[in-house]
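Welcome! Please take a moment to look over the sequence and the 3D structure before reading on.

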Amino acid sequence: MSLSQSKQQRRQFLKTTAVAGTAASVPYFYSSPKTLADETTSKNDRMTIGVIGAGGMANGNMNAAKKWVDVVAIADVDRSRADRANKTMAGGNADLYEDYREILDRDDIDVLHIATPDHWHTKPLIEAMLAGKDVYCEKPLTLTIDEGKQIRKVQKETGRIVQVGTQQRSTFHLFVKAMAIVAEGRLGKIHRVQAAIGGAPSCDAIPVAQVPPELNWDRWLGPAPAVDYRHTKTGDKNGRGNTNCHYEFRWWYEYSGGKLTDWGAHHVDICNWALKLNGQQAGPISIGGKATHPVEFKDGVAVQNDRYNTATSFMFNVAYPGGTEMVIRNDTDNGVLIEGDKGRIFVNRRKLAGAPVEALQSNPLPEDAISKVYRGMPMEHNERAQHWANFLHCVRTRETPISDVHTHMEMLNVCHLAGISARLGRDLKWDDSSEQIVGDEVANSMLSRPYREGYEIEMKEAVTS
């Protein structure tokens with residue numbers, strides 16, 4: 001058998017092999033008759049993966065997934081990051097690229113991981129799906145609402161498996177258990193949910209600095225407008241300094257949505273999941289509130305361009321048909337509060353609390369309650385490792401992963417609307433069916449952003465397999 005035939009046979013095996021068994025008998029974890037670990041005992045059964053964006057998130061994810069995948073290619077516009085990631089992820093054996101499109105062209109790579117800054121999510125994700133790749137993409141999935149429309153359209157047309165990195169959806173003992181409490185009706189009819197996500201930092205003016213020799217700054221900016229690289233050696237409490245580049249990109253609306261999308265993508269997601277499980281199928285109708293920014297804004301655009309500009313504090317109320325309300329705020333304990341007419345619970349990454357939780361001691365959930373919320377898919381691990389196991393399971397079975405692009409964008413639209421409201425300083429009315437802001441031309445213009453020339457999405461004919 002030739003090398004190309006062997007690769008083709010292995011790729012076909014990965015697409016058709018299914019995980020047997022369902023999680024019907026135990027509340028948190030279980031071992032199915034055939035688990036993901038069983039499927040990856042031999043070298044030929046392991047998946048090859050290409051990594052796009054080689055920062056801390058990618059390294060953490062590949063450490064969680066290393067029992068199932070082999071990193072064979074890494075793309076990053078910062079050579080020093082690519083070199084470090086090659087050592088930690090692949091023992092120095094991966095092929096390194098500056099341009100991720102070279103990875104898309106390889107037919108020996110089974111799946112992709114995208115862990116770039118937020119403004120670089122949509123373009124490679126769409127191009128990867130068109131190239132016939134299944135993808136685990138970090139959150140928040142998009143920079144704008146219209147990008148979400150494009151992603152959902154291409155995903156439907158190509159049928160590719162896309163898992164979004166909102167791993168709280170795979171945290172069984174906390175968030176998934178909370179959703180099981182909701183689904184079992186222990187809270188009654190939910191009338192209010194709250195996502196407390198903390199505030200964002202501000203900084204003094206950041207001077208223009210020399211671009212590090214290992215960094216391709218133009219490609220790092222990519223679809224975003226061309227601006228000077230800025231950096232100070234001091235300022236950030238973690239010792240990274242202040243910059244408009246690595247990590248700190250999330251405090252600039254040019255590349256992210258600040259805390260509203262960074263942590264909102266986690267906690268607003270749990271709020272939205274709870275509402276759906278409780279029967280609130282209709283989307284929001286309005287959003288309003290207030291936000292404080294470290295710079296002035298005119299028509300939604302920051303007047304100053306030399307310092308962080310995302311909202312440092314905020315309080316938003318999102319209204320739904322029937323009187324249900326979602327609150328997004330920064331000024332109380334980080335976590336999700338879910339309130340119903342029979343009780344309320346609070347959940348974050350450390351605890352699950354409330355009278356309905358205490359009542360489980362005498363009136364426990366049915367054994368399959370958590371499994372039902374997880375749609376009967378294997379529950380062999382927990383948190384980040386489980387989220388990757390779920391993705392790889394769905395790559396094999398072609399099931400919809402627990403954090404798919406469609407449910408993700410339902411809630412991320414809320415986060416984006418909060419960001420638009422924050423920058424404009426006014427309330428917004430939302431038509432969920434058309435995904436348009438009602439009666440506000442300026443706000444509607446902020447549903448999308450132009451891509452810089454040379455960095456547009458390459459809409460090629462989809463690869464079929």
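The report below goes from the whole protein to some of its parts.

## About the model

This is a predicted model, in which local features need pLDDT of at least 70 and side-chain atom pairs count only at pLDDT 80 or more, while totals for chains, interfaces and linings use all residues. Residues are numbered from 1 along each chain as its sequence is written, and side-chain values use heavy atoms, with hydrogens and water left out.

## The overall picture

The protein has 16 helices and 17 strands; these are DSSP runs numbered from the N terminus, with helices (H or I) of at least four residues and strands (E) of at least two. Of its 465 residues, 58% are buried (under 20% relative accessible area, with exposed over 50% and partly exposed in between, using a 1.4 Å probe and protein chains only).

Contact means heavy atoms within 4.5 Å. Among the contacts with a separation of 6 or more, 70% join residues 24 or more positions apart.

## Nonpolar cores

A nonpolar core is a set of buried Ala, Val, Leu, Ile, Met, Phe, Trp, Tyr and Cys residues joined through side-chain atoms within 4.5 Å. The largest one here holds 116 residues, and Met62, Val71, Leu125, Leu141, Met326, Ile328 and Ile338 touch the most other members. Helix H15 (residues 405-424) supplies the largest share of this core, 11 residues. A second, separate core has 16 residues, including Leu215, Leu221, Cys245 and Trp251.

What does isoleucine 328 touch, not counting residues up to four places away in sequence? Its partners are Ala195, Ile197, Leu260, Val268, Phe314, Met315, Phe316, Val318 and Val414.

## Two helices side by side

Now turn to helix H6 (residues 122-130) and helix H7 (residues 145-158), whose axes come within 9 Å and cross at roughly 10 degrees. H6 and H7 are therefore roughly parallel (angles under 35 degrees; over 145 is roughly antiparallel, 65 to 115 roughly perpendicular and the rest oblique). On the H6 side, Thr122, Leu125, Ile126, Met129 and Leu130 meet Glu147, Gln150, Ile151, Val154, Gln155 and Thr158 of H7.

## A buried helix and a buried histidine

Is helix H8 largely enclosed or open? Because 10 of its 12 residues are buried, H8 is largely enclosed by the rest of the structure. Just after H8, glycine 185 takes a positive phi of about 80 degrees.

Histidine 119 sits in the loop between strand S4 (111-114) and H6. With 3% relative accessibility, histidine 119 counts as buried. Beyond its neighbours within four places in sequence, histidine 119 contacts Leu143, Trp220, Leu221, Pro223, Ala224, Glu254 and Tyr255.

Terms used:
Axes fitted to C-alpha atoms, helices over the stretch in contact; angles between N-to-C directions.
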